[in-house]
Amino acid sequence: SMLGRFADSSEMVSKVNFGYYGFVGVHILPLQECSDKFRKGFEVGISTGESAAFAFYNSMHLMRTALLGGDYLPDLLRETDYHLE
């Protein structure tokens, strides 16, 4: 993968996951896989602090793909509340 080519790419994960899985992956991959990548993009974006805006872009796409992918709604509500805190 492209992220694997760079040794210190933690600040890029949020941006790359948003860009790839938000615009390409949702059309060719299972929505559950995209949701997992958006989750990771959110967590990394918040933890690094450098890409907080992209963390929330990942969160927005996560909620959309999780809803369309059939996630359990009470769990999705709890996760949404966590992201809004």
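1. Helices α1 and α3 pack with their axes 8 Å apart and at an angle of about 30°. Axes here are lines fitted to C-alpha atoms, for helices over the stretch in contact, and angles run from 0 to 180 degrees between N-to-C directions. The angle makes α1 roughly parallel to α3 (under 35 degrees counts as roughly parallel, over 145 as roughly antiparallel, 65 to 115 as roughly perpendicular and the rest as oblique). The crossing of α1 past α3 is left-handed, a term used if the near helix is turned anticlockwise from the far one by less than a right angle, with clockwise being right-handed.

2. The model is predicted: local features need pLDDT of at least 70, side-chain atom pairs count only at pLDDT 80 or more, and totals for chains, interfaces and linings use all residues. Residues are numbered from 1 along each chain as its sequence is written, and side-chain values use heavy atoms, with hydrogens and water left out.

3. Which residues make the contact of α1 with α3? From α1 they are Ser-14, Lys-15, Asn-17, Phe-18, Gly-22 and Val-26, and from α3 they are Phe-54, Ala-55, Tyr-57, Asn-58, His-61, Arg-64 and Thr-65 (contact means heavy atoms within 4.5 Å). By class, five of these residues are nonpolar, six polar and two charged. Ala, Val, Leu, Ile, Met, Phe, Trp, Tyr, Cys and Pro count as nonpolar, Asp, Glu, Lys and Arg as charged, and the others, Gly among them, as polar.

4. For α1 and α2 the angle is about 155°, and the axes are 8 Å apart. That makes α1 roughly antiparallel to α2. This crossing of α1 and α2 is left-handed. Residues of α1 that meet α2 include Tyr-21 and Gly-25, and those on the α2 side include Cys-34 and Phe-38. The contact of α1 with α2 has eight nonpolar, eight polar and three charged residues.

5. The chain as a whole has four helices and zero strands, in the pattern α-α-α-α along the sequence. Helices (H or I, at least four residues) and strands (E, at least two) are DSSP runs, numbered from the N terminus. Of its 85 residues, 34% count as buried (buried means under 20% relative accessible area, exposed over 50%, partly exposed in between, with a 1.4 Å probe and protein chains only).

6. How many aromatic pairs does a search of the whole structure find? The number is seven. Rings of Phe, Tyr and Trp (its six-membered ring) pair if their centres lie within 6.5 Å; planes under 30 degrees apart count as stacked, over 60 as edge-to-face and the rest as tilted. With ring centres 5.7 Å apart and planes at 65°, Phe-18 and Phe-54 form an edge-to-face pair. Phe-18 is in α1 (residues 10-28) and Phe-54 in α3 (residues 52-68), so their pair ties together parts 36 residues apart in sequence. Phe-18 is buried, at 13% relative accessible area, whereas Phe-54 is partly exposed, at 27%.

7. Phe-42 and Phe-56 are also edge-to-face, with centres 5.9 Å apart and planes at 70°. Phe-42 belongs to α2 (residues 31-48) and Phe-56 to α3, so this pair ties together parts 14 residues apart in sequence. Phe-42 is buried at 4% relative accessible area; Phe-56 is partly exposed at 41%.
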